[in-house]
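Reader: Could you take me closely through a single part of this model, the place where the ligand sits, and say what lies around it?

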Amino acid sequence: MSLLTHLECARCGKQHEPARVHNLCGCGAPLLARYDLRRAAETLVFERMASRQPTLWRYGEVLPTARDSSVLCLGEGFTPLIHARRLGKRLGLPNLYLKDESRNPTSSFKARGLAVAASMAYELGIRRLAMPSAGNAGGALAAYAALAGLEAAIYMPEETPRANWQECVLLGAKVVRVSGSIKDCGREMREQLKGEDWFDVSTLREPYRLEGKKTMAYEVVEQLGGRVPQAMIYPTGGGTGLIGMWKAFEEMEELGWTSGARPRMFSVQAQGCAPIVRAFAQGSDRAEEWEGPQTIASGLRVPSAIGDFLMLRALRESRGVALAVADSDMLAAMRELAETEGLLTSPEGGATLAALKKLLWDGLLAGHESIVLFLTAGGYKYQEVLETLTS
Ligand SMILES: *Cc1c(COP(=O)(O)O)cnc(C)c1O
Ligand SMILES: [Zn+2]
C-alpha cells in the first residue's frame, strides 16, 4: 500500500496535495513524490523482500498508487543484474555488473516510468495521455494506455527509428511525426493540444515516471545482497533515471536498507548532443539547449531537459562526472557486449561501456570497484543501427 504523503517542488520546496492531478509546480519546476518512510520501514523490510512479486510493484509502499486495482502491470521491473565475468575479465574488473533493462515490456526501461505514470493517471480518472518521444517512451506509453483502454497521443521526430513509431501505431496510439528534435515535438504537442483535456506525461512534467525509474536502484541493492555499488554508469537524456535513482538512495537510507557511501553516478551522453556534459564541465547549475542534436542513440537526443539542475546536483553530490562518447564507440561497444556477454543492447547501452573504458583510462574508476552499467533497452528496435553493424 502506498505511503505517499505529498508532492514537493524540487526547486522552491512548496508542498502539493497528493491524489490530485499534477504537472509542474507554479514556479515551473518538477515535483517529487514524498512518502512516510518511517511507516514504510515497518513493512518494506529488506530481509522480507524475497516473498514479494518479481516486478517493480514489490516496492508498493514507496510508489504512488493508492489502490491495487489501478495498477497497470505488464511485468515491468525486477530485471536481471548480470555479473559480467568475461567482459569484466577483459577489462580487469572482477565486479562489473550489467542491469539488463531490455527484459522490460516494450524492451526498454521506459516501461518502468510509464507503468507508474499511466497507473496513477488511470487512478486519478485521466483518460487521455500525450507526450513527445524520441524513441522508447512512446511505445511504453502506448502499451499501458492500451492495457487500460486510455487514449495516447505521441509526437515523434521524423528521424525516430522505424520500430519505435510502428510499435506506437500497433499499440493503438495516435502518432504525429514532427520534423526537428524532441524539443520541437514538445512545442508542437502543447500548441496542438492546448485547451483540450490531454494530460502531459513528458519527462518530469508529471511526478510519477521518476518514481517508476527509481526502482532500478532498489533492485540493484537487493540483487547485490544489500551492498551499494561504488559506481553506476547511466546513459542520460531527460534524466529521469539518474534523478530517480539518486532519490532512491536517499529513501533507502531512511528505510534502513543502506548506509555509508552512496554510489558515484556517471552520466553518459553522445558527443553530438551533450548539454549536461557541457554544463557540468562549466560548473553551471543549469544546462543550455544543445543546437542541432545528432546521434544514433535516439534516447540521448534530448537537447534540453527541465530536470537539468537536478541531474547536475546528483552528479556533483555523488562525486561523479558527466562525459560524452562518440557514436562510433557506442557501436563498437554494442558489438563487444554482444560478443562477450550475449546481450544485444541498444546504442545507449553501448554508450555505458564506451564511457566505462574512458573512465578507466582516465583513472576515474579503478579495477577493484563494483560498477553497474545500465543497458537501458534492447537492440532489436534499432534496425537502422543493426544494418550498419552487420553490413
Ligand atoms: C530514454 C532513454 C534514455 C535516457 O533516459 P533518461 O532517464 O530520460 O535520461 C537512455 N536509454 C534509452 C534506451 C532510452 O530510451
Ligand atoms: Zn516550486
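Author: **The site of ligand 1**

The space that ligand 1 takes up is the largest pocket, a pocket being an open set of points, on a 1 Å grid over the protein atoms alone, where a 1.4 Å probe fits, with protein on both sides within 12 Å along at least five of seven lines; a molecule sits in such a pocket if more than half of its atoms lie within 2 Å of its grid points. This is a predicted model, in which local features need pLDDT of at least 70 and side-chain atom pairs count only at pLDDT 80 or more, while totals for chains, interfaces and linings use all residues. Residues are numbered from 1 along each chain as its sequence is written, ligands are numbered from 1 in the order in which they are written, and side-chain values use heavy atoms, with hydrogens and water left out.

Two elements give two or more residues to the shell around ligand 1, namely strand E10 (231-235) and helix H8 (240-255), where helices (H or I, at least four residues) and strands (E, at least two) are DSSP runs numbered from the N terminus. In total 17 residues surround the ligand, the closest being Lys110, Tyr234, Gly237, Gly239 and Thr376, and a residue counts here if one of its heavy atoms lies within 4 Å.

Oxygen atoms of ligand 1 take part in polar contacts (pairs of N or O atoms within 3.5 Å): one lies 2.7 Å from a polar backbone atom of glycine 239, one lies 3.1 Å from a polar backbone atom of glycine 238, and one lies 3.0 Å from an N or O atom in the side chain of asparagine 136. The protein covers 96% of the 380 Å² of accessible area (Shrake-Rupley method, 1.4 Å probe) that ligand 1 has on its own.

Methods. Polar contact = N/O pair within 3.5 Å; in protein donor to acceptor, adjacent residues only side chain to side chain. 1 Å grid on protein atoms, 1.4 Å probe; cavity = no way out; pocket = protein on both sides within 12 Å on 5 of 7 lines; lining within 4 Å.
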